[in-house]
Structure formats: structure tokens, C-alpha cells
Amino acid sequence: MTSDATVTPHDVRRRQFLIGLAGMSAAMLLPGGPAQAAQAPTLRIQRLAWAGIRLQLPQATLFIDPLVNPEAWGKALADPLVPVADSVGDTSVLITHAHPDHYDAQATADALRRGGVLAYPAGIQPFPLPAGARARPSPLWEPQLLGDFTATPVPAADGYGDTQVSWVVSAGGRRIFHGGDTSWHGNWWRIGRQFGPFDIAFLPINGARFGWRKPASGQPGVLTPDQAVAAANILGARMLVPIHYGVTGMQDYQEVTDPIRQLRKAARGHSVAIQVVPPGGWVDPAGQPGDAPSGTTSQE
């Protein structure tokens with residue numbers, strides 16, 4: 001990646017052009033915009049285990065942070081591991097960072113068994129790379145054209161300071177934000193201005209405190225429920241689907257107590273709808289505050 005000290009006028013113009021291109025792509029997908037007028041294909045979204053999701057178009061599939069490896073969390077995670085080897089059409093996998101609960105090489109190999117793109121933050125090297133994957137390191141703010149999907153990596157903050165991104169994905173007339181396991185940072189406003197509003201934001205909510213590195217900070221290294229609602233509001237998200245919660249019984253990884261209940265409480269008085277989707281369930285894109293679609297839980 002180019003450091004600030006060596007940025008040239010060409011680099012600045014190129015970055016401005018790419019950001020503008022991403023913004024235009026997003027604008028094309030606004031309600032009533034050209035993409036919707038052209039009757040964009042229906043986008044369906046499935047929640048996978050832990051932080052993973054599947055974005056499904058009739059002839060294309062995109063996964064973000066899929067997880068099928070039972071050793072990632074062992075018995076500490078009760079989520080059923082949802083298979084990903086049944087993708088349809090052209091398939092791509094995005095990862096937010098290289099930690100093993102977000103980059104699962106087996107899940108990527110399953111998803112890309114017929115080939116496809118593995119896109120990841122520039123500056124990391126996922127290992128091992130599955131044989132069928134076409135590796136694509138992706139610089140911040142540069143849109144990646146993945147068949148029928150446009151995906152742009154945007155800033156995130158890792159609890160350990162490792163390289164991590166969030167992803168903005170546009171497809172099927174909808175705009176999606178996926179936050180990986182980011183903690184709070186100051187780029188929410190810029191992301192919201194550039195790409196918002198969003199139809200759905202998938203945000204981590206467990207506010208985990210880590211004890212593996214000493215001295216332990218005692219501070220959350222992942223968004224808390226309150227912070228997730230604040231981020232969703234800044235992003236202009238109509239709906240927040242919580243991800244990255246449900247680990248119990250670990251001494252050095254402590255979630256906030258009852259994160260879903262805390263999330264609902266934090267969302268009261270805000271316009272963002274909370275839709276709780278179990279692993280393997282499909283998001284109801286029409287869900288509104290107070291709705292209780294099949295397989296989900298509404299706000300209290």
C-alpha cells in the first residue's frame with residue numbers, strides 16, 4: 001500500500017476517480033434509480049454461522065466471512081455451521097480479515113470448488129489459499145467488480161490492531177454493509193456519506209473483551225450493542241441484523257451479557273429496525289420495527 005509520504009497527484013486522482021465510481025454505482029441502486037427501473041434481479045441474503053453471510057442472486061453467489069470449521073470456536077459457539085458448497089453461478093468470497101473465525105480456508109475452498117475470486121484486504125496474505133481461489137488483494141475504497149456484485153472495502157478497526165476492513169456490497173437493487181468484527185472508529189460518518197443510506201447493516205454486537213494478550217485492557221475489542229445501533233444510525237441503515245455473538249464458557253473471551261436484549265433496548269427510540277436471524281435463516285428485506293418475520297425476532 002502507498003504511504004501518505006509517497007502519495008503522488010496521480011494516486012490522488014486515481015483514488016478520487018475510484019471513490020466517485022463506487023459512489024455512482026451506489027447511486028444507481030437507490031430506490032427509483034436506473035438499476036431499480038431496469039428491474040434488478042432479486043437479492044436474497046442468508047445468515048451463516050458466527051459473522052458469515054451469503055448474498056444470493058439468480059446466477060451468482062457472494063459469501064462474506066463464511067465459517068464451517070468446528071475447531072474455530074469448538075463447543076464455545078452454539079451456532080450450527082451452515083454448508084457453503086451449494087453456491088449457484090459465479091461465486092466470490094470476501095473476508096474482512098485473516099483471523100481464523102473470519103478466514104476459514106475450508107469454507108472458502110468449499111464455496112470456490114468450481115473456481116472464483118477470494119477478495120481480501122490489501123496488506124494481508126490469507127493462508128492457505130484454496131486451489132480454486134483467484135486471490136484479489138483489495139485496497140481501501142477501491143470497488144471490486146465481481147460479476148453481478150460490486151464490493152468496496154472500507155475502514156474498520158481490529159481489536160488487536162491487525163489489518164481489517166468492512167465491506168460495502170451493491171447488488172440486486174440493494175446496498176449492504178458488513179462489519180466483520182470491527183470495534184468503534186471514526187470512519188462511520190465518511191462511509192455513511194459516501195455510500196449510505198444502506199438497506200441492511202450486518203454488525204457485530206457482542207462487545208467482547210479479550211484476555212489473551214497481556215496486560216489485558218478490559219475494553220471491548222468489538223462493537224457493543226449500543227455502539228452497533230449508533231453505527232447503524234450514522235450509516236443510515238434501515239435495518240440492523242446482528243452478527244458475531246453467542247460465544248460462552250471461555251475465560252479469556254467475554255461477551256456482554258445477553259447481547260440481543262441489550263441491542264433491542266439500545267434501538268428503542270431509533271428508526272433502525274432490528275431483525276435477529278438465526279444461522280441458516282434468510283433475511284426478510286421488508287422487515288420493519290415491530291415486525292416479526294418467520295425465523296426472526298422483532299424489537300421489544
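## The end of helix α6

Helix α6 is followed by G269, a residue with a positive phi, near 85 degrees. The model described here is predicted.

## Helix α6 and its packing

Helix α6 spans residues 259-267, and its buried residues are P259, I260, L263, R264, A266 and A267. Viewed down the axis of α6, these buried residues fall within an arc of 165 degrees, so they line one face of the helix. R261 and K265, on the other side of α6, are exposed.

## Aromatic pairs

A pair of aromatic rings is described by the distance of the centres and the angle of the planes. The structure holds 11 aromatic pairs. In the pair formed by F177 and F198, the ring centres are 5.7 Å apart and the planes stand at 70 degrees; because planes over 60 degrees apart count as edge-to-face, this pair is edge-to-face. F177 belongs to strand β10 (residues 174-178) and F198 to strand β11 (residues 198-204), so the pair ties together parts that are 21 residues apart in sequence. F177 and F198 are both buried.

Ring pairs also link residues into a cluster, made up of W50, W73, Y160, F210, W212 and Y253.

## Arginines over rings

Two arginines are placed over aromatic faces. R213 lies over the face of Y160, at 3.7 Å from the ring centre, and Y160 is one of the residues in the ring cluster. R44 lies over the face of W282, at 3.9 Å from the ring centre.

H102 is found in the loop between β4 (90-94) and α3 (105-111). The relative accessible area of H102 is 0%, and since buried means under 20%, H102 is buried.

The side chains of H102 and D181 are joined by a polar contact of 3.4 Å. With neighbours within four places in sequence left aside, H102 is in contact with W50, A51, D65, P66, I95, T96, H97, G180, D181 and H244.

Key
Residues numbered from 1 in each chain as written. Predicted model: local features only at pLDDT ≥ 70, side-chain atom pairs only at ≥ 80, totals over all residues. Heavy atoms only, no water. Phe/Tyr/Trp six-rings, centres within 6.5 Å; stacked < 30°, edge-to-face > 60°. Helix = DSSP H or I, 4+ residues; strand = E, 2+ residues; numbered from the N terminus. Buried < 20%, exposed > 50% of the residue type's maximum accessible area, 1.4 Å probe, protein only. Lys NZ or Arg CZ within 6 Å of the ring centre and 35° of its normal. Polar contact = N/O pair within 3.5 Å; in protein donor to acceptor, adjacent residues only side chain to side chain. Contact = heavy atoms within 4.5 Å. Arc of directions from axis to C-beta.
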